[in-house]
Amino acid sequence: MINIKRDVCAYCGACVSVCPHGALELIDAYLSVDETLCRSRCRICETVCPLGAIHQEETASAEEIKKAQPLFRV
């Protein structure tokens, strides 16, 4: 998931122009993220942001969650 530091973002559109999935859009000087289109593992938007305003939140995969859960047997 993309996290945008709104107090840092200059809304320059650099991230919008490079997103290969079309998940980012500037609407009335506001950066909008369509989470249904975003493939947050690509991290291209984070890489091109000149101010470091975009951060990808790490999320565990279903397999990682399953491994981390303790097994209980009854």
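These legends walk through a few views of one predicted model.

Local features here need pLDDT of at least 70 and side-chain atom pairs count only at pLDDT 80 or more, while totals for chains, interfaces and linings use all residues. Residues are numbered from 1 along each chain as its sequence is written, and side-chain values use heavy atoms, with hydrogens and water left out.

**View 1. The protein has three helices and four strands.** Starting at the N terminus, the order is β-α-β-β-α-β-α. Helices (H or I, at least four residues) and strands (E, at least two) are DSSP runs, numbered from the N terminus. Of the protein's 74 residues, 22% are buried; that label means under 20% relative accessible area, with exposed over 50% and partly exposed in between (1.4 Å probe, protein chains only).

**View 2. Arg-39 sits in the loop between strand 3 (30-33) and helix 2 (44-48).** Arg-39 counts as partly exposed because its relative accessibility is 46%. A polar atom of the Arg-39 side chain lies 3.2 Å from the backbone oxygen of Leu-37. Pro-20 is 19 residues from Arg-39 in sequence, yet the two are 9.2 Å apart in space, C-alpha to C-alpha.

**View 3. Arg-43 and Glu-46 join their side chains in a salt bridge.** The N to O distance is 3.1 Å. Searching the whole structure turns up one salt bridge (a side-chain nitrogen of Lys or Arg within 4 Å of a carboxyl oxygen of Asp or Glu). Side chains of opposite charge can pair when their charged atoms come close. Glu-46 is partly exposed, at 23% relative accessibility, and Arg-43 is partly exposed too, at 26%.

Notes:
Polar contact = N/O pair within 3.5 Å; in protein donor to acceptor, adjacent residues only side chain to side chain.
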